[in-house]
Amino acid sequence: MILFYSDEVNPRIEYIAKLIFANILQTEIAFTQNSAKFRKSEIPKINYSYEKFGDEFYIKPHKLIFQNALIKPTINSVWYEGEKYFCETSKDSDLPFDPFAASFYLVTRHEEYVDKNRDKLGRYPYQNSILTKYNLLQKPVVNIWAKLLAKLLKEKYPEFSYSESKFKFFSTIDVDNAYAYQNKGFLRTTAAWAKSLIKGNRQDTLKRKRVLDGEESDPYDTYNYLDSVFAGNEDKVKFFFLLGDYGRYDKNIAHTNKEYRELIKRTAEKYDVGIHPSFGSSKKKGGKKKVKLEKQRLEEIIGRSVSKSRQHYIRLKFPKTYTRLIKAGIEEDYTLGYSAQPGFRGGICTPYCFYDLKHETVTNLKIIPFNIMDGTLRYYLQLPPEKAFEEIKKIMQEVKNVGGTFVSVWHNETVNDLGTWKGFREVFEQMNKLGFEWANE
């Protein structure tokens with residue numbers, strides 16, 4: 001139990017204090033605005049106000065925590081134990097930086113509300129993040145700060161107790177394109193064939209013919225292989241299916257296709273499945289309806305409700321994307337992460353509830369951040385397979401160090417061990433083997 005004092009326990013303070021103590025450290029927390037009661041209390045306690053009373057654990061709040069307007073705050077850097085942090089406190093504080101304000105800034109993605117810069121696909125660029133600027137993107141700093149607080153509180157109050165959380169691992173698969181050649185329909189197949197012929201791509205033309213003639217398996221049909229990798233750990237796996245209408249960035253086969261529907265049904269019998277809201281669903285016009293429609297399509301196919309999602313192309317805009325998901329009945333979202341860099345977009349590796357800064361309210365939507373994605377390793381970082389696994393293991397170790405949740409993103413087509421993905425099947429196997437081992441310890 002920890003007693004938390006502030007002369008104004010506003011929604012921001014209550015939210016972030018509960019996230020750190022109740023969620024991450026798994027200990028009870030009580031709040032008070034009564035200074036006399038706080039001073040008399042003999043249990044472990046934190047004074048989070050602008051006045052220090054005595055020898056209690058004290059942190060002077062950064063003004064961000066009391067800010068109401070959505071404007072870019074003034075944030076100065078602070079050095080602590082060789083690391084560059086932010087949200088300075090005061091000389092009489094027990095820490096030179098405010099871990100509550102800094103954590104709130106990160107997990108709510110405050111910077112993404114006020115920074116309007118986006119890439120060509122409408123995504124927030126990792127280069128703009130304060131974590132990138134301070135070389136902290138590959139560190140789960142919110143979890144690290146929570147552990148630091150626990151350590152310092154334990155030193156001051158030996159009776160203070162908290163729980164060490166256990167490492168968790170989830171291997172997730174996005175099915176953007178269920179098959180390379182099969183089940184595309186006459187028009188799409190004919191157009192693709194003509195395109196290959198015009199470009200003189202003889203190899204693709206011949207491969208397509210062999211697949212369609214039943215002489216060779218479709219290169220994206222890796223589902224039996226995935227079953228073999230996941231055997232015995234099905235509870236740690238999630239599939240996200242794209243069921244949007246065909247478009248420039250949404251090229252999966254039709255949701256009405258019999259074989260695709262059977263594939264989804266078979267997958268849902270073994271694994272947890274969620275919707276992969278299309279690129280089109282994140283557009284201003286008609287996007288809200290598309291999220292609900294695509295979710296309904298998946299529910300109709302598998303015969304049960306759907307509560308999980310991950311945005312196609314990692315298209316995430318605050319707070320619009322999450323408010324749309326909430327209205328559509330989504331309870332867990334797995335989109336928080338960067339396409340171009342591995343690490344911790346929100347500085348955290350513990351699932352947590354979305355705080356809507358626009359309305360200053362806590363929602364019931366649980367955010368499960370991801371840490372690594374196949375395309376990041378191959379396309380953005382251009383790593384060879386052996387270096388790719390080193391990068392995965394490094395991030396996974398960071399998560400294990402704080403007892404967090406590691407989430408990977410792969411696709412059915414990237415584990416086929418063909419072409420540009422040659423050698424990455426082994427990386428996928430190594431990652432899952434290690435993740436399952438650590439999670440099952």
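Is Lys238 buried or exposed? I looked this up at the outset and found that Lys238 is buried, because its relative accessible area is 7%, where buried means under 20% relative accessible area, exposed over 50% and partly exposed in between (1.4 Å probe, protein chains only).

I note that this is a predicted model, in which local features need pLDDT of at least 70 and side-chain atom pairs count only at pLDDT 80 or more, while totals for chains, interfaces and linings use all residues. Residues are numbered from 1 along each chain as its sequence is written, and side-chain values use heavy atoms, with hydrogens and water left out.

I then turned to salt bridges, each being a side-chain nitrogen of Lys or Arg within 4 Å of a carboxyl oxygen of Asp or Glu, and the count by this rule is 23.

Lys238 pairs in this way with Asp272, their closest N and O atoms being 3.1 Å apart. This pair links distant parts of the chain, with Asp272 in strand S9 (residues 272-275) and Lys238 in strand S8 (residues 237-241), 34 residues apart; strands (E, at least two residues) and helices (H or I, at least four) are DSSP runs numbered from the N terminus. Asp272 counts as partly exposed because its relative accessibility is 27%.

Next I looked up Arg12, which forms a salt bridge with Glu360 at 2.7 Å between the closest N and O atoms. I found Arg12 in helix H1 (residues 11-24) and Glu360 in the loop between strand S12 (352-356) and strand S13 (361-367), 348 residues apart, and both residues, Arg12 and Glu360, are buried.

Last, I recorded a network of salt bridges that links Arg109, Glu111, Glu112 and Arg345.
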